[in-house]
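Keep the viewer open as you read.

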Amino acid sequence: MVLAGPILAGAVVALAGWFAADAWPLSQAMTLVNWLAQVFVIATGVCAAVALTGDPLIELHESTPTGFRQVQFLRAGLVALSGLAGAALMFFPLHALRVWPRDEGWTSVAPPAGAVVIMIVVALVAAAFAGTASTTTIAVVAAWMFLAMLWDPYVLPLHLQRGVPLIISAGLLVAVWHRLANAERNIAKVVAA
């Protein structure tokens, strides 16, 4: 269900946008799509948080050639692929219907796709350093609120709107890669919990 969540959320937003475009004036339909696109982003972030936390088998992962780091990155990658598919499924029909807000052509798929990647990186960072589902979910919600309320409405050039957070996310991925390489700390965190 975690992998299907982002795709389902993207499909629901596309359907709601299609119905709104058919029934409402264009400006109202765009407003609805703008808000529902944010619901898609948070749904993807929560799916990532669920996929990356609560694993009681860290000891088993660390005792096999496929360590916990590879497992976590694989989980994050699968949710990212699902989220990117959901973003495409959401964007392209709404772009064709001309109800996508601030539509600048095909490049306008970058805001939802970039937000998916950012949410997953935040979930991966929180899961690696905190390890609990509640902390990871809170971190995802905080990152979503920052993007939706402070960053995206005021940073409008697309290359800055998604470029800066994605560069920061790349740096965070390096930190997570090194953190998850410490097998003793991974196991100690589970034993302490």
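Begin in the middle: the largest nonpolar core has 44 residues, and F40, M90, L94, W100, M119, I120 and V140 touch the most other members. A nonpolar core here is a set of buried Ala, Val, Leu, Ile, Met, Phe, Trp, Tyr and Cys residues joined through side-chain atoms within 4.5 Å. Buried means under 20% relative accessible area, exposed over 50%, and partly exposed in between, using a 1.4 Å probe and protein chains only. At least two residues of this core come from each of α1 (4-23), α2 (26-52), α4 (68-96), α5, α6 and α7, with α5 giving the most, 12 residues. Helices are DSSP runs of H or I with at least four residues, numbered from the N terminus. As a general point, nonpolar side chains tend to be buried together in soluble globular proteins.

A word on the ground rules: this is a predicted model, so local features need pLDDT of at least 70 and side-chain atom pairs count only at pLDDT 80 or more, while totals for chains, interfaces and linings use all residues. Residues are numbered from 1 along each chain as its sequence is written, and side-chain values use heavy atoms, with hydrogens and water left out.

Now pick out V140, one of the core residues named above. Leaving aside residues up to four places away in sequence, V140 touches I42, G45, V46, A49, M119, V122 and A123, where contact means heavy atoms within 4.5 Å.

Next, follow helix α5 itself, which covers residues 110-129. Its 20 residues reach 28 Å from the first C-alpha to the last, close to the 28 Å expected at 1.5 Å a residue; the expected span is 1.5 Å times one less than the number of residues. Helix α5 is mostly covered, with 17 of its 20 residues buried. After α5 comes G131, whose phi is positive, near 85°.

From here, turn to charge. The structure holds 1 salt bridge, meaning a side-chain nitrogen of Lys or Arg within 4 Å of a carboxyl oxygen of Asp or Glu. The partners are D152 and R162, with their closest N and O atoms 2.8 Å apart. D152 lies in the loop between α6 (133-151) and α7 (158-180) and R162 in helix α7, so the pair ties together parts that are 10 residues apart in sequence. D152 is buried at 8% relative accessible area, and R162 is buried at 4%. Not counting residues up to four places away in sequence, R162 also touches A110, P111, G114, A115, I118, L147 and W151, among others.

Finally, look at the rings. How many aromatic pairs does a search of the whole structure find? There are 6; rings of Phe, Tyr and Trp (its six-membered ring) pair if their centres lie within 6.5 Å, with planes under 30 degrees apart counted as stacked, over 60 as edge-to-face and the rest as tilted. The rings of F91 and W100 have centres 5.2 Å apart and planes at 85°, so this pair is edge-to-face. F91 is buried at 0% relative accessible area, and W100 is buried at 6%. F92 and W106 form a tilted pair, 4.9 Å centre to centre with 45° between the planes. This pair links distant parts of the chain, with F92 in helix α4 and W106 in the loop between α4 and α5, 14 residues apart. F92 is partly exposed at 33%, whereas W106 is exposed at 55%. Ring pairs join F91, F92, W100 and W106 into a cluster.
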